[in-house]
Amino acid sequence: MENQIRENIAARRWVIFAPGRKDRPNDWGKKPSKRADLPAHKADCPFCPGNEAKLPGIILEKPAPAGDDKPWQTRVVPNKFPALVSAGDNTRTEAGLYVTMSGYGQHEVVIESPRHDRDIAQMSPAAVSVLIETYHQRYVDLMRAHNNMMTIIFRNHGERAGTSLIHPHSQIVVTGIVPRYVRWREEEAERYFDQWGRCVYCDILAFELQQQKRIVIENGAFVAFVPFAAEAPFELWIMPKRHQADFGSITDADKDDLAHVLQETMGLLSSKLNDPDYNYVINSAARYKAGEPQLHWYLQIQPRLTTQAGFEIGSGMRINPSLPEEDAAFLRAE
Ligand SMILES: [Zn+2]
Ligand SMILES: [Zn+2]
């Protein structure tokens, strides 16, 4: 069966069906669980240099800095087991009572380093800057295509976070639809803007900076903090101080500041929480919303320290056993 998107018409939620993803390779059966025990290069890893024959292609490659002995710094490649594929379009089809569309979209992998064992926490800020630049370049290019409505950049770290390969990588999924969850976030921000005439995220940031209780790291252009209503222990938001709806609008100078905050944040999580599994995602504006005064992009990190269970499925409400102020203080402590 080809990839398909179906709508749950009762809740107006789209679900992606990608049967080919069942065949993904999995590193975890044979894992050395500690990052320190990983080799710098692994002979059968498709993302390690020299194994290009295992890749479906190379979309983009960033060269290593001068003087480095590595052939490249980051690579973007097509996902071999894509959730969405660029064949097809956004046409909806009625299927009796239900609605379906083709599995249109794009799915890419960002190989973050030629080193098998070098995660963001161990990278130099300069290397993380190249990673941010890679994200940005693909983001801008992908959002140019007429059918592309959302570009989601995310990273799954560890088995509980859903990654199948250990080699440090992120993913980019482009969808031809704006999911209801994103619409709902947009609508709430719009409501706030209509009432107060201000961006709710800018207001949150100003209040957090004044309170300082939940701030973990701050530099010139970015702040990392535990949100007041964090949904999971040690959830963190890294947010630009400047109002900006779209990740595509980030300036070159700000990319370096983001790289520093991201690298430091990952370093803190790794050292203080013993390299926890986590997901991060860049929440950015949908196409055609890039210049909105009420939307504000941010990078959201959720460590996988607890499991969602029955109550969460039934209510859509999360139970967080950990207080944001205490989490922030723990991460800040020397
Ligand atoms: Zn590798
Ligand atoms: Zn704002």
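**Entry 1: leucine 299**

I take helices and strands as DSSP runs, numbered from the N terminus, a strand having at least two residues. With that settled, I placed leucine 299 in strand S14, and I note at the outset that the model I am reading is predicted.

Leaving aside residues up to four places away in sequence, I listed the contacts of leucine 299 as Ile238, Leu262, Tyr280 and Ile282. For isoleucine 282, which lies 17 residues from leucine 299 along the chain, I noted a C-alpha to C-alpha separation of 4.3 Å.

**Entry 2: strand S14 and its partners**

I widened the view to strand S14 as a whole, residues 298-303, and found five of its six residues buried, which makes the strand mostly covered. Which strands does S14 pair with? Strand S12 (residues 236-240) runs antiparallel to S14 and is joined to it by three bridges, and I recorded leucine 299 as the bridge partner, in S14, of isoleucine 238. Strand S13 (residues 278-283) also pairs with S14 in the antiparallel sense, over six bridges, with glutamine 300 in S14 as the bridge partner of valine 281.

**Entry 3: the two sheets**

I next looked up the sheet that holds S14, and found ten antiparallel strands in an open sheet, ordered S3-S4-S7-S9-S8-S13-S14-S12-S11-S10. Strand S3 (60-62) and strand S10 (215-218) stand at its edges, and because each has a single partner strand, one side of each is left without a neighbour in the sheet. From one strand to the next, I noted an average twist of 20° in this sheet.

There is also an open sheet of four strands, antiparallel in its pairing, which I wrote down in the order S2-S1-S6-S5. Its edge strands, each pairing on one side only, are strand S2 (13-17) and strand S5 (92-95), and the twist here averages 30° from one strand to the next. Within this sheet I checked strand S1 (residues 4-8), which is joined to S2 by five bridges in the antiparallel sense; asparagine 8 has arginine 13 in S2 as its bridge partner.

**Entry 4: the two domains**

I turned to the domain assignment of the protein chain, which gives domain 1 as 4-20 + 36-179 and domain 2 as 181-332. Taken over C-alpha atoms, the centres of domain 1 and domain 2 are 21 Å apart.

**Entry 5: helix H2**

What span should helix H2 have, and how far apart are its end C-alpha atoms? H2 covers residues 180-196, and because 17 residues at 1.5 Å a residue should span 24 Å, the 24 Å between its end C-alpha atoms agrees with the expectation. After H2 comes glycine 197, for which I noted a positive phi near 75°.

Phenylalanine 234, not a glycine, has a positive phi of about 65°, and I placed it in the loop between strand S11 (222-225) and S12. Phenylalanine 234 is buried, because 24 other C-beta atoms lie within 10 Å.

Aspartate 275, likewise not a glycine, has a positive phi of about 50° and sits in the loop between helix H4 (252-272) and S13. Here I counted 17 other C-beta atoms within 10 Å, and therefore I class aspartate 275 as partly exposed.

Conventions
Residues numbered from 1 in each chain as written. Chains lettered and ligands numbered in written order. Predicted model: local features only at pLDDT ≥ 70, side-chain atom pairs only at ≥ 80, totals over all residues. Buried ≥ 20, exposed ≤ 12 C-beta atoms within 10 Å, placed from the backbone. Pairing = 2+ DSSP bridges. Domains from an automatic or database assignment. Contact = placed C-beta atoms within 7 Å. Expected span 1.5 Å × (residues − 1). Axes fitted to C-alpha atoms, helices over the stretch in contact; angles between N-to-C directions.
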